[in-house]
Amino acid sequence: MDGTPRLGHGFRFQWEPAQSCHVLLYPEGMIRLNRSAGEILARCDGSRDIAAIVAELEQAFASPGLRPEVEAFVAMAVGKRWLRLDPPTP
């Protein structure tokens, strides 16, 4: 999977102190995110491609081999329209 993920139209990502977690807000409600999902979505701002997100997470958590999990989450989030995936830049 290649490309640059960014939030889908109508979604807003933020830390919610009352929930003590990151959430994804949309007009009809709110999705509470676990820590892993929050860490990935925090980096899906349209400025990093998948490879850069994976490298940043692997460094931040000293955990190599995260690409399959990140790709699976991004694919799921694209399927739910939480994220859109811009094509890779040449």
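**Salt bridges, sheet and rings**

Modeller: R67 and E71 are four residues apart in helix α3 (residues 67–79), so about one helical turn separates them. Helices here are DSSP runs of H or I with at least four residues, strands are runs of E with at least two, and both are numbered from the N terminus. This is a predicted model, where local features need pLDDT of at least 70, side-chain atom pairs count only at pLDDT 80 or more, and totals for chains, interfaces and linings use all residues. Residues are numbered from 1 along each chain as its sequence is written, and side-chain values use heavy atoms, with hydrogens and water left out.

Biologist: What do the side chains of R67 and E71 form?

Modeller: They meet in a salt bridge, 2.7 Å from N to O. The term means a side-chain nitrogen of Lys or Arg within 4 Å of a carboxyl oxygen of Asp or Glu. Side chains of opposite charge can pair when their charged atoms come close.

Biologist: How many salt bridges does the structure hold?

Modeller: Eight. A network of them links E39, R43, D45, R48 and E56. In one, the closest N and O atoms of R43 and E39 are 2.9 Å apart; for D45 and R48 the figure is 3.0 Å.

Biologist: Is R43 buried or exposed?

Modeller: R43 is buried, at 11% relative accessible area, while E39 is partly exposed at 21%. Buried means under 20%, exposed over 50%, and partly exposed in between (1.4 Å probe, protein chains only).

Biologist: New topic. In what order do the strands of the open sheet come?

Modeller: The order is β2-β3-β4, with antiparallel pairing. The edge strands, β2 (12–16) and β4 (29–32), each pair on one side only. Two strands pair if DSSP finds at least two bridges between them.

Biologist: How many bridges join β2 and β3?

Modeller: Five, with β3 covering residues 21–26. R12 has L25 in β3 as its bridge partner.

Biologist: And how many aromatic pairs are there?

Modeller: Two. The ring centres of F11 and Y26 are 5.7 Å apart and the planes are at 45°, so this pair is tilted. Rings of Phe, Tyr and Trp (its six-membered ring) pair if their centres lie within 6.5 Å; planes under 30 degrees apart are stacked, over 60 edge-to-face, and the rest tilted.

Biologist: Where do F11 and Y26 lie?

Modeller: F11 is in the loop between β1 (4–7) and β2, and Y26 is in strand β3, so the pair ties together parts 15 residues apart in sequence. The rings of F73 and W82 are also tilted, with centres 6.4 Å apart and planes at 55°. Both F73 and W82 are buried.
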